[in-house]
Amino acid sequence: MRRHPLLDEARSAWRRQETETAVRAALAAHAAGDDDGLALACSIALRGYRADLLGAHRNEIAASPAGAPRDGVLAMLQVGHGDLDGAVARLVALADAAADPQRDPLEDEGMLLPLLLASLAAGCVVSASWVRARQCIDAARAVMAAASGIDGAPPPEHVPFDLLGLEAVVERHTGAGDAAHRALVETLAPLRLRNSLTSAHALALVGLGSVEHVSGRLGEAALNLARGIRLTPAWRPGVRLHGEVELALVRIRQGRWRDAAEGVRTTTARVGSIEHDWLEPPALAVHGLLLALRGDFDASRPVLERVALLCRHTPSFLAQMVLTHARIMAAISLSDWPALQRALDDATEPGYRHPYRVDEWRMLTLLAAWHLRSIDEFRSGVLAWAAESAADESAYCWAFVSILAEHDGRYAEATRAVDRALGLLSLDNDPLGRAWVRVVAGIHYSRFGAHGQPDPLRALVVYEDASAELTELGAGGLARRYDEAVAATTTAVVRVSPGEDPAARLTDQQRKVADAVGQGYTSGEIAGLLHLSKRTVDYHVANIMRRLGVSTRREIARVLGVRP
C-alpha cells in the first residue's frame, strides 16, 4: 500500500515543532486508511508532551499492538485521570518485558520508552511519590543500558539529564545521601564553563535549583532555577511552571518580593493539559502567598484554602512548601500562635522536607513555644541551642538568649545578648527574621536600655529599621504593626527630651534625608542622591516628622535650621 502523503506532512510539521498540527495530520492519514498514521500520531504526541491531543482516540489506541507508542499514550491518559500509580505500573511492566512489538515510527529520533519513564518520574516527584519516582528512574536506566549493549538507538538528548536532575531531587527528599547531587553538579559544571547549556539541560537545572533550595543554599538555587527557566522550551510548560514557582519562593525568602511577584505574574497551569491537576496547586499557592505577604489576608485566605483542598486529591510537594510558608507568615502577621504551631506540626510529617535552614526552623518553633507560654519547652530549647558551637554566630539564637535572660531577671545579660544579636544580622538572614530580631531588641531597649533604665531613642532606631525594611519589602500587614510601635516610641522620645536639640533625635541617615528635604529636594531626587528607594525616603521623611513633632516638609527645615 502506498504511503499516505499526510504522513510526510505530519513529519514535516513535527520537525517544525508544530506538535498539534503534526498529530492532526497523522490522525487524518490514519482515518484515510494508512495503518502507520495512528502509531505516528502517538509517537509525536508523546515526544511533544501532548498526549491530551489523543484522548478522543483512546479506544482505537488501546486496540493497537502493545509497545511504547500505544502504552505511552494510555499511561499518560491515566495520569490525566489521576491514576499515576497505574501509569507507572504499565510502563515499568513494559520496560521489564524487554520486548516492543509495536514499531516506533520516530525511533531514529531516540528511544521513546526512557523518555516516557522520565516523564512519569517527573510526575511522581511533583506529587512527592518518591518510591514510584525511583522505580521509573531505575527502569529508564535499565532500558537505556540494554539498548546500548546491543547498539540500539539512544534516548533523546534531554532524557539522561532529566533523570540526573530528578534523581537528585528524590535523593534529597528521601535523605538518601548526596551521590546523585554530586553527579548532577559534576555533569553540568563543564557545560556551564563552556557556556554549552541548552534546552536539553533545563529540567536538570531546575532539579539542581530545587535541591539547593531545600538545602538552604538560596543564592545557588536562584541562579540555577533562573537558568533552567530561561532554557525551558515552550513544549515543556510543566518544567517552566515548576521552576517559576520555586524561584518565586526562593526570591521571597531572599527578600526580593517584587522580583518574585513579577516572575509569576502570568504563571498559570495550562487548561486541558495532562499535567494540569499537578501544576494548578503550586501556581495558585504562590499567588496566595504573595497576597498574604502584602497583608491582604481576606484575598489570600480563599486561594490558600483551595490549594489545601486540591492537594488532598493531587499531592504536590512544591505547593505544600509554598502553602506552609504562607501559613507561617500569616500566623505571625496575625499573632495567631496556635495557627503557627499547627503549621509547624504539619510540616514535620514523615517524608516532608520543609525549605527552612536549621536556625530558621528553630527560631519558628521557639517563637511558637514562647507565645504559647510553653516556658519549660522554650527554656530547654534555648539552652540546648546555645550550647552548640555554631550558635555563637546565630543572630536568632542570641535573640532568644536575651528573651530568656530577661524572663529570668538577668537584665545585663539580656542586654549583652540583644546587642550581639543585632551585630550578627546580615543579608544572609531572612528579611522577616531580621525584622523580628530588631523588634526583640526594641522591646528590650524600651524597657531596660543599656543600664537597667528605659532607652526609648535606642529602641526607636531598631523599630524604625525593622519597619523600614518591611515597608520596602511590601510586607503591609507586619509593617503596619511595627509602625504602631514606632509611633508609640516616638511619643515617648519627644516626651522625655523636650528641651534637647531636635537634631539629636535623628539617626545619621535621617539627618542626611532631613538636610536634603530642607534644601528642597523631592523624595525621588533624594533617593538618587543617597542610593535609596523612593519608598524608603518617604518612610524616613514620615519618621523625621514624627520625631520632630512637625507635619510638613517645610517645618523640617525650620526646626533643624537648614538653609536652602
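Biologist: Which side chains meet in a salt bridge with 2.5 Å from N to O?

Modeller: Those of D178 and R182. Keep in mind that this is a predicted model. A salt bridge needs a side-chain nitrogen of Lys or Arg within 4 Å of a carboxyl oxygen of Asp or Glu, and here the N to O figure is 2.5 Å.

Biologist: Is D178 buried, partly exposed or exposed?

Modeller: Partly exposed, with a relative accessible area of 39%. R182 falls in that class too, at 43%.

Biologist: How many salt bridges does a search of the whole structure find?

Modeller: It finds 28. One of them joins D71 to R70, with the closest N and O atoms 3.1 Å apart. Both D71 and R70 are buried.

Biologist: What separates R511 and D515 in helix 26?

Modeller: First the general idea: an α-helix has 3.6 residues a turn, so residues three or four places apart point the same way. Now the case here: R511 and D515 sit four residues apart in helix 26, which puts about one helical turn between them. Their side chains meet in a salt bridge of 3.0 Å, N to O. R511 is partly exposed at 30%, and D515 is partly exposed at 24%.

Biologist: Which residues of helix 18 are buried?

Modeller: W337, A339, L340, A343 and L344. Look down the axis of helix 18: these buried residues fall within an arc of 155°, so they line one face of the helix. Their cover includes helix 17 and helix 19.

Biologist: And how many helices and strands does the protein chain have?

Modeller: It has 29 helices and zero strands.

Conventions
Residues numbered from 1 in each chain as written. Predicted model: local features only at pLDDT ≥ 70, side-chain atom pairs only at ≥ 80, totals over all residues. Heavy atoms only, no water. Helix = DSSP H or I, 4+ residues; strand = E, 2+ residues; numbered from the N terminus. Buried < 20%, exposed > 50% of the residue type's maximum accessible area, 1.4 Å probe, protein only. Arc of directions from axis to C-beta. Contact = heavy atoms within 4.5 Å.
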